[in-house]
Amino acid sequence: MQSYGFVGAGEIAAAIVEGLSTGVTDPPPIVLSPRNHDVAHNLAARFPNVRVCGSNQEVLDAAEAVVVAVRPQVAQEVLAQLAFRPEHVVVSAVAGVGLAQLSEWVSPAGRIVRSIPLPTAARAASRTAMYPDDAVARALFESVGDVVVPGDEPTLNTFSAATSTFAAHLDQLATIASWMAEHGVDPQDADGYVAHVYGELGRTLARHEGTLGELAGKHMTPGGINEQFLAGLRRDGVPDLVRRGLDDVLARVKGQ
Ligand SMILES: NC(=O)c1ccc[n+]([C@@H]2O[C@H](COP(=O)([O-])OP(=O)(O)OC[C@H]3O[C@@H](n4cnc5c(N)ncnc54)[C@H](OP(=O)(O)O)[C@@H]3O)[C@@H](O)[C@H]2O)c1
């Protein structure tokens, strides 16, 4: 069975490890780097298939498929200290670091894949964008959800930029709830109501088969209040602001 090594045991590594190890009869062997100590040891205590190594190099020595999940700022320093082998498959989750750069840092490893796993990997529900296609990376991410493989690396950067919008989306929901509270609704009721409504809308969205525009249309009565609210935001330039914000993030992700 394929074993997996993780260099960097933080939020996203923990989500993938949890997804690989939960509710599976025969989970894969997983080795973790010693940092973050608490996260790594907590995962090893929860899952018998998970072991914490003494060093990053031990992770590479124990596994051919290596997931790199450290922050972008330390990636070069961490990888440069490690001795990779030609047979290693390096699956990077590091945002904004391109294949050309990675291949210098992990030489002589020849198979390198960039990926954008999502925290929902923890419940095997991450749609992971990855590039290029690779059987080992595909098997890994299909174990914790499904995959989408764009046609080239610049397009992967577009997926990466799109994932920058989660906090703003949730902040809009927080704005709606606090506006409700300012207008007389108990704050807890407001939060609970908004979370419920949008949680259920998310389920509808996940099951919907047409375009997002069609789904929006289904939630608008002609002349109704949804149409009124949307028209107001469009008139005030909100979609253009969203596009501009995404353009800025894309430039950063491309290293411009
Ligand atoms: N979180 C997400 O949803 C998400 C999604 C897709 C991609 N990513 C990418 O995944 C990477 C990790 O993100 P994250 O959110 O998981 O960050 P994080 O929670 O900060 O995890 C990074 C981990 O790297 C460890 N680390 C630092 N220096 C190390 C070293 N020399 N050797 C081994 N491990 C070291 C840190 O340990 P210490 O705590 O001891 O410093 C920490 O456990 C980032 O590049 C990010 O762009 C994240």
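**Terms and model**

Two residues are in contact if their C-beta atoms, placed from the backbone, lie within 7 Å. Helices (H or I, at least four residues) and strands (E, at least two) are DSSP runs, numbered from the N terminus.

The model is predicted: local features need pLDDT of at least 70, side-chain atom pairs count only at pLDDT 80 or more, and totals for chains, interfaces and linings use all residues. Residue numbers start from 1 along each chain, as its sequence is written.

**Overall architecture**

The protein has twelve helices and eight strands. Its C-alpha trace spans about 65 × 40 × 30 Å along the principal axes. An automatic or database domain assignment supplies the domain bounds, which divide the protein into domain 1 (4-149) and domain 2 (164-253). The centres of domain 1 and domain 2, taken over C-alpha atoms, are 33 Å apart.

Among contacts in the protein with a separation of 6 or more, 53% join residues 24 or more positions apart. Of the 256 residues, 28% count as buried; a residue is buried if 20 or more other C-beta atoms, placed from the backbone, lie within 10 Å of its own.

**Helix α1**

Because nine of its eleven residues are buried, α1 is largely enclosed by the rest of the structure. The buried residues are Ile-12, Ala-13, Ala-14, Ala-15, Ile-16, Val-17, Gly-19, Leu-20 and Ser-21. They pack against the strands β1 (4-7), β2 (30-32), β3 (50-52) and β4 (65-68), and against the helix α2 (37-46). After α1 comes Gly-23, with a positive phi near 65°.

**Nonpolar core**

A nonpolar core is a set of buried Ala, Val, Leu, Ile, Met, Phe, Trp, Tyr and Cys residues joined through C-beta atoms within 7 Å. The largest one has 52 residues, of which Phe-6, Leu-32, Val-66, Val-67 and Val-68 touch the most other members. Helix α1 gives the largest share of this core, seven residues.

Leaving aside residues up to four places away in sequence, Val-68 touches Val-7, Gly-8, Ala-75, Leu-79, Val-90, Ser-92, Ala-93 and Val-94.

**Ligand surroundings**

A residue is near a molecule if its C-beta atom, placed from the backbone, lies within 6 Å of it. There are 24 residues around the ligand, and Gly-8, Gly-10, Arg-35, Asn-36 and Ala-95 come nearest. The elements giving two or more residues to this shell are α1 (11-21) and α4 (72-80).

Technical notes:
A residue is buried if 20 or more other C-beta atoms lie within 10 Å of its own, exposed if 12 or fewer, and partly exposed in between; C-beta atoms are placed from the backbone.
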